[in-house]
Amino acid sequence: IACLGLSFKPNIDDLRESPALYITSQVSKMGFSKLYIVEPNIKKMPKEFDQNSVVLVTMVEAINEADILVLLVDHEQFKGINQNSLLEKQVIDTRGILIQG
């Protein structure tokens, strides 16, 4: 599973009081063998996460490795995701930016 976005709002690095950070923290406690986090605005893993099962990765790595993608923050980088790369994935888009009409 991959969680896309941790910040409080799009295109910033501020994680304080972030609902996405809370959600991802709860997902990390669900027992998945690996949780991939994509947050293009930070360089290191937040202290809330166990380093063994949670990995900070690029968008390309998340799409290649995860079967489930959970979009939590609508960063500009996520708006350009190639829809064809998501055809074999389960996508939960909480921001409505990946849904094609």
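1. A residue counts as buried under 20% relative accessible area, as exposed over 50%, and as partly exposed in between. The model discussed in this note is predicted.

2. Threonine 94 has a relative accessibility of 43% and therefore counts as partly exposed. Threonine 94 is located in the segment that follows strand β5.

3. The surroundings of threonine 94 deserve attention. Once neighbours within four places in sequence are left aside, threonine 94 is in contact with Leu71 and Leu72. The side chain of threonine 94 reaches the backbone oxygen of leucine 71 at 2.6 Å. Between threonine 94 and leucine 72 the C-alpha to C-alpha separation is 5.7 Å, although 22 residues separate the two in sequence.

4. Isoleucine 97 also has its place in the segment after β5. Its relative accessible area is 21%, so isoleucine 97 is partly exposed, given that buried means under 20%.

5. With residues up to four places away in sequence not counted, isoleucine 97 touches Leu71, Asp74, Phe78 and Lys79. Isoleucine 97 and phenylalanine 78 lie 19 residues apart in sequence, and their C-alpha atoms are 8.1 Å apart in space.

6. Strand β4 (residues 68-71) pairs with β5 (residues 90-93) in the parallel sense over four bridges. In this region, valine 70 stands opposite isoleucine 92 of β5.

7. Strand β4 also pairs with strand β1 (residues 2-4), in the parallel sense and over three bridges. Alanine 2 has leucine 69 as its bridge partner in β4.

Conventions: Residues are numbered from 1 along each chain as its sequence is written. This is a predicted model: local features need pLDDT of at least 70, side-chain atom pairs count only at pLDDT 80 or more; totals for chains, interfaces and linings use all residues. Side-chain values use heavy atoms; hydrogens and water are left out. Two strands pair if DSSP finds at least two bridges between them. Helices (H or I, at least four residues) and strands (E, at least two) are DSSP runs, numbered from the N terminus. Buried means under 20% relative accessible area, exposed over 50%, partly exposed in between (1.4 Å probe, protein chains only). Contact means heavy atoms within 4.5 Å. A polar contact is a pair of N or O atoms within 3.5 Å; within protein, one must be able to donate a hydrogen and the other to accept it, and residues adjacent in sequence count only if both atoms are side-chain atoms.
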